[in-house]
Amino acid sequence: MLTAPDLNYMRLAIALAGQAAAEGEVPVGAVVVKDGRVVGTGRNRRESDKNALAHAELEAIRAACAALGGWRLCGCDLYVTLEPCPMCAGAVINARIDRVFCGAADPKAGSCGSVTDLFALPYNHKPLYVAGVMQDECAQLLTDFFRSLRRKGAD
């Protein structure tokens, strides 16, 4: 059952995704929360940083580790607008994040149920995964972004 705070954290992730889109990045936003407090945020920056590792989830996890003073994010939740890729799902497992709340599914690279499910494999940590949180809003950001790219390409 989603709570009002869960929806507020996802709204923050959506706002971060909107910032990414405004910067010409694929609109993905992520927020890490511990004990009702935002401890890390991130947005996609692959194009601006010229770095394949500059995913929203990794940026949020890095910020949370810095804020909490360690690499173990036990007791933390991740809110992300797009289903994590294999790299980001692996980072969630390695960081020991408890729960992942996700907006839109990613049928091309999603690794929490769409293409594969890394959270179901016998790793030493298994996050709880909640899919479809504000799914329509998250998917619309992506649809609008890629439609805009196609229009620009046609010009």
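In the predicted model, F145 has a relative accessibility of 11% and therefore counts as buried, the cut-off being under 20% relative accessible area. F146 has a relative accessible area of 34% and is therefore partly exposed. The rings of F145 and F146 form an aromatic pair of the edge-to-face kind, with 5.2 Å centre to centre and 80° between the planes.

In total, 4 aromatic pairs are present in the structure. One of them joins Y9 and Y79, whose rings are tilted at 50° between the planes and lie 5.2 Å apart, centre to centre. This pair connects distant parts of the chain, since Y9 belongs to helix α1 (residues 4–22) and Y79 to strand β3 (residues 76–82), a separation of 70 residues. Y9 and Y79 are both buried. Together with F101, Y9 and Y79 make up one aromatic cluster.

The largest nonpolar core comprises 44 residues, of which M10, I61, L73, L78 and I97 touch the most other members. At least two residues of this core come from each of the helices α1, α3 (56–68), α4 (86–95) and α5 (135–154), and likewise from each of the strands β1 (29–34), β3 and β4 (99–104). For I97, when residues up to four places away in sequence are not counted, the contacts are I61, L73, C76, D77, L78, V92, H125 and P127. Among these contacts of I97 are I61, L73 and L78, which are also listed with I97 among the core residues that touch the most other members.

Terms used
Residues are numbered from 1 along each chain as its sequence is written. This is a predicted model: local features need pLDDT of at least 70, side-chain atom pairs count only at pLDDT 80 or more; totals for chains, interfaces and linings use all residues. Side-chain values use heavy atoms; hydrogens and water are left out. Rings of Phe, Tyr and Trp (its six-membered ring) pair if their centres lie within 6.5 Å; planes under 30 degrees apart count as stacked, over 60 as edge-to-face and the rest as tilted. Helices (H or I, at least four residues) and strands (E, at least two) are DSSP runs, numbered from the N terminus. Buried means under 20% relative accessible area, exposed over 50%, partly exposed in between (1.4 Å probe, protein chains only). A nonpolar core is a set of buried Ala, Val, Leu, Ile, Met, Phe, Trp, Tyr and Cys residues joined through side-chain atoms within 4.5 Å. Contact means heavy atoms within 4.5 Å.
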